[in-house]
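Here is a friendly walk through one protein model, from helix packing to sheets and a single residue. Please keep the structure open beside the text as you read.

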Amino acid sequence: MINSAATYTISLDTRRARKDGTYPVKLRVFFKKQKKRYSTNLSISEEDFRLAYIERPISQKHKKLRKQIRELEQQINEILEGIGVFTFEKFESRIQTKSAENDLFSMFDLYEQKLRTEKRINSANSYKQAKKAIQKYTKKQNLPFEEVDVKFLNKLEKQMMNDGRSSSTVGIYARNIRSLFNQAIQEGFVKEDYYPFGRGKYQIPHTPKTYKALSIEQVGLLLEAEVEPDSSEEFFRDLWFFSYFGNGINTKDMVLIKYSNIKDNVIQFKRAKTLLTNKTAPEGQIQIIEPLQAIIDKWGNPRSNQNYLLPILTSGISDEEIAKRVSQTNKQIRKYINRIGQRVGITEHITTQHARHSFATVMALSGVPLAVISQKLTHGNISTTDKYIGRIDSLKDMEISNLLIPKKTKPKTD
């Protein structure tokens, strides 16, 4: 098939068979002595490929396969005819969009790739895991949007819950599907009539956010607990307290801090969560108070503007590796802070979020204005902070109500 600038072929990639004995159908594009290979959504055995594509198909099965291959050819021809001056970059952008037009799994792949390009690795991994989970239950390589109706989603939810997945996880996967549906409708790939979400349709499981804060007394027990000096337990306990003393900074932002972020004894940083999606997000500022400085003095890397403050990341590592190390660090913090918590009588399961919520709670109960707490938490909107520490109001109300109780007075003496 020839365009004025590029040609292509469709063939089986027989270098490695899949578990079902099929081989992936690959597209090769040739342009000015360069060639690139692209994956398709098709996977066919050598025999079926021969009977469907090379020879005249007889059976219904092979006629269907031939139709799928012809549709792929039609897509490619349409792209090459309308592309104008050919470049591989323009072709790749259009072939990805074409392949995703009516296939949920292709949309998953396309959006995951976009997220990785934007260095939003955790979000990309979420979409990857969601696609993998859905494929497990459907046992399909392709899933037209039209098949993802209310009945399908209810059945998928039931299957996942029966398999031990939490309602929170099911909710995340369902919201990913909803997001891709919205994109497909916006792009004109799918009619709004097929949208399965909303009132009277499929309802995504809702898991109320739990309030995760320790009392100041519990924080004190963790801080004063005996730990073996220079041990992993002490190190990861101190990382939990770095977050607590550092305005509730989350683990990723904490490990990304470099010495170049410190000016006049203040750590200045942009939250990784909002850096790519909100250029006007407020900058975080952390005063290095005495206990925070003690943690830096004990565990910090040698002082250099190029060095990370804490010994978790090294220069030059990939975004994928950063995400992996952040995840590992979170797991280790939870492991050791809970081990210490059990020793001092704290039965609640402690997470890294407890450090952030506990910081906000102590600030609020100490009378710090909501606007100031919002600024320290680097929330872009004060309403986020209001929801974030909503239960604090009831705690404060209890303290105020207790003022009604007369205090005991000492008996008068002559």
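Helices α1 and α2 are roughly perpendicular to each other, a label given to angles of 65 to 115 degrees (under 35 is roughly parallel, over 145 roughly antiparallel, and the rest oblique). Their axes cross at roughly 70° and come within 8 Å, with α1 covering residues 46-54 and α2 residues 60-82. Axes here are lines fitted to C-alpha atoms, for helices over the stretch in contact, and angles run from 0 to 180 degrees between N-to-C directions. Helices (H or I, at least four residues) and strands (E, at least two) are DSSP runs, numbered from the N terminus.

Before going further, a word on the source: this is a predicted model, in which local features need pLDDT of at least 70 and side-chain atom pairs count only at pLDDT 80 or more, while totals for chains, interfaces and linings use all residues. Residues are numbered from 1 along each chain as its sequence is written, and side-chain values use heavy atoms, with hydrogens and water left out.

Which residues of α1 and α2 make the contact? From α1 come Asp-48, Phe-49, Leu-51, Ala-52 and Tyr-53, and from α2 come Lys-61, His-62, Leu-65, Arg-66, Ile-69, Arg-70 and Glu-73. Contact means heavy atoms within 4.5 Å. Sorted by class, the contact of α1 with α2 holds six nonpolar, one polar and five charged residues. Nonpolar covers Ala, Val, Leu, Ile, Met, Phe, Trp, Tyr, Cys and Pro, charged covers Asp, Glu, Lys and Arg, and the others, Gly among them, are polar.

Another helix pair, α4 (residues 104-117) and α7 (residues 167-186), packs at about 95° with axes 10 Å apart. On the α4 side, Leu-104, Met-107, Phe-108 and Tyr-111 meet Asn-176, Ile-177, Leu-180, Gln-183 and Ala-184 of α7. That contact of α4 with α7 has seven nonpolar and two polar residues, and no charged residues.

| Helix pair | Axis angle | Axis distance |
|---|---|---|
| α1 and α2 | roughly 70° | within 8 Å |
| α4 and α7 | about 95° | 10 Å |

Now to the sheets. Three strands form an open antiparallel sheet in the order β1-β2-β3. Strands β1 (7-12) and β3 (34-44) are at its edges with a single partner strand each, so one side of each has no neighbour in the sheet. On average, neighbouring strands of this sheet are turned by 20° against each other, direction ignored. Strand β2 (residues 23-31) is joined to β3 by eight bridges; two strands pair if DSSP finds at least two bridges between them. Pro-24 stands opposite Ser-43 in β3. Helix α2 lies across β1, β2 and β3 and runs at about 155° to β1.

Another open sheet of three strands has the order β4-β5-β6, again with antiparallel pairing. Two bridges link β4 with β5 (residues 266-269), and Ile-262 has Ile-267 in β5 as its bridge partner.

Leaving aside neighbours within four places in sequence, Ala-174 touches Phe-197, Tyr-202 and Ile-204. The C-alpha atoms of Ala-174 and Tyr-202 are separated by 9.7 Å, and the two residues are 28 residues apart along the chain.
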